[in-house]
Amino acid sequence: MQKPEMPAEGAPQSQRVARSLALYRQAEALIPGRTQLISRRSSRFAHGNSPIYASRAKGSRFIDVDENEYLDWVNAVGAIILGHADDAVDSAVKAQIDRGSIFTLNSALEIELAEALNEYIPSAEMARYTKGGGEANAVAARIARGATGRDLMLFSGYHGWHDWYQSANYLVDPESGEFPFAGIEPIGVPPALAGSALPFVWGDLKNLRDLLQAHQGEVAGIMLEPMRSQLPPHGYLEGVKALAKAHGAVLIFDEVSCGFRPRIGGVQAFLGVTPDMTVLAKAMSNGYPMGAVVGARAVMAPASRMFISSSYWSDNLGLAASLTTLRELDRRNSAQRFEEIGDALRQRLNQALAEAGLAGACRGMFWELALHFDLPDESLRPIANTLFIQEMARRGIHCNVSFKATLAHSAADIELTGRCATEAFACIKAGLDSGDLPQLLESDLTQEPFRRLVR
Ligand SMILES: Cc1ncc(COP(=O)(O)O)c(C=O)c1O
């Protein structure tokens, strides 16, 4: 990519992202909430230092609207898996644009992709498509309810913005306690839906068993993120599957975030436990809008009698992008490459912590790494985390305290990340040693928008 123009030596840091900050102020008046995705809010990073708007991206890098170049470890919150603007996927999409992005009639690509998903996703026999993950989860909940003739959904994870799921936040009085997933207020969600979706504690089989017993014959579906960065307790997913079967509930894995990287077939291929239905989105199309619900014929076939229909689900670009992404993941030996990249990055970040003399660790599975600092006081955590994001941003690395790789990340990218992290860790260590950690911060504190049920 073109070499970015750097701000003059000694220029205040916020000047480096001045255009981003100006656009963000402009957005406040024009776009409620300023961004379309909560995870793209500047408050998720080091506001004042982190870039907010990008102008172009390629491979493992992007250029922000101020012409700074960044190495990207966020990758559209996981939606980019091969690398930004991947040549193979983009060529397929451009060729498809020339043939027509959407037809009056149906597209044979729908059938081709269903066959490819059957090939790669262990539990897939039939497929329906959407344009995003939350939407696909809403479809999965509809099918589970329709196929069983029951209403109640049990869930553990983040499953999107739709009413069926957000209604769970009415279960706890905000005056008296935490919402099931703190941070989200169900404003605008009909309170009448309260009690139609109940959260369960991931990893705790007894909790799920008790819920199923308390609601005998009522549970349509059990939806969960099978895992994110930690392996489930031994036998947990097998236990969930057995409970779902015993209670006649549809078992749904939401693999929107954990899919494709561990194996092309997702966590279910990695751990060898299959659900009845799987929800996919994000990485399946390397950044083009696409989502899918796939599953066993017995649970999917009843969907033919349900009202599940939308114009843009027939769009050809997402289909072409998904087909090419799946083939490219296979051709590029993705599972092995993600393991190599993840293991190398974990090792390099742990080396950087040791070099800087900062107590902590880089942990997690190879596809979902996270930093954890050992701090004398928990109240310092948001400060230390923000300082890390700030210092990395200043060095041209866009990350959170977590890292999501693409196949475009090279050994040189990992080495650069390690070198910059050593300096960022040293800055945190100096602040902790001197007691003036907060003074080193020149950004607003990073904010977790909501508590995750599966970490
Ligand atoms: C596990 C999981 N499910 C669903 C969603 C929602 O997907 P989307 O943002 O495409 O609606 C997300 C998004 O982060 C997710 O991580």
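Analyst: Quick definition before we start: Ala, Val, Leu, Ile, Met, Phe, Trp, Tyr, Cys and Pro count as nonpolar, Asp, Glu, Lys and Arg as charged, and the others, Gly among them, as polar. Also, this is a predicted model.

User: Got it. By class, what's in the shell around the ligand?

Analyst: The shell has eight polar residues, four nonpolar and two charged.

User: And which residues are closest to the ligand?

Analyst: Gly132, Gly133, Gly134, Val256 and Ser257 are the closest, out of 14 residues that surround the ligand.

User: Which helix gives the most to that shell?

Analyst: That's helix α5, residues 133-148, with three residues.

User: How do β9 and β10 pair, parallel or antiparallel?

Analyst: Antiparallel, over four bridges, with β9 covering residues 277-280 and β10 covering residues 291-295. Within that pair, Met277 stands opposite Gly295 in β10.

User: There's another sheet, with β1 in it. What's the strand order there?

Analyst: The order is β1-β2-β3-β13, an open sheet of four strands, again with mixed pairing. Here β1 (54-58) and β13 (397-398) are the edge strands, each pairing on one side only.

User: How many bridges join β1 to β2?

Analyst: Four, and the two strands run antiparallel, with β2 spanning residues 61-64.

User: Switching to helices. At what angle do α4 and α11 pack?

Analyst: About 30°, and their axes are 10 Å apart. For your residue selections, α4 is 109-120 and α11 is 316-331.

User: Left-handed or right-handed crossing?

Analyst: Left-handed, as α4 passes α11.

User: Which residues meet there?

Analyst: On the α4 side you have Leu109, Glu110, Glu112, Leu113, Ala116 and Tyr120. They meet Asn316, Leu319, Ala320, Ser322, Leu323 and Leu326 in α11. The contact residues of α4 with α11 split into eight nonpolar, two polar and two charged.

User: Zooming out, how is the chain divided into domains?

Analyst: Domain 1 takes 13-82 + 334-440, and domain 2 takes 87-331. Their C-alpha centres lie 28 Å apart. Where they touch, the contact takes 14 residues from domain 1 and 16 residues from domain 2.

User: On the domain 1 side, which elements give two or more residues?

Analyst: Those are α12 (334-356), β11 (360-365) and β12 (368-373). The largest share comes from α12, with three residues.

User: And how do the residues on that side divide by class?

Analyst: Ten are nonpolar, three polar and one charged on the side of domain 1 that touches domain 2.

Note on methods. Residues are numbered from 1 along each chain as its sequence is written. This is a predicted model: local features need pLDDT of at least 70, side-chain atom pairs count only at pLDDT 80 or more; totals for chains, interfaces and linings use all residues. Axes are lines fitted to C-alpha atoms, for helices over the stretch in contact, and angles run from 0 to 180 degrees between N-to-C directions. A crossing is left-handed if the near helix is turned anticlockwise from the far one by less than a right angle, and right-handed if clockwise. Two residues are in contact if their C-beta atoms, placed from the backbone, lie within 7 Å. A residue is near a molecule or strand if its C-beta atom, placed from the backbone, lies within 6 Å of it. Two strands pair if DSSP finds at least two bridges between them. Domain bounds come from an automatic or database domain assignment.
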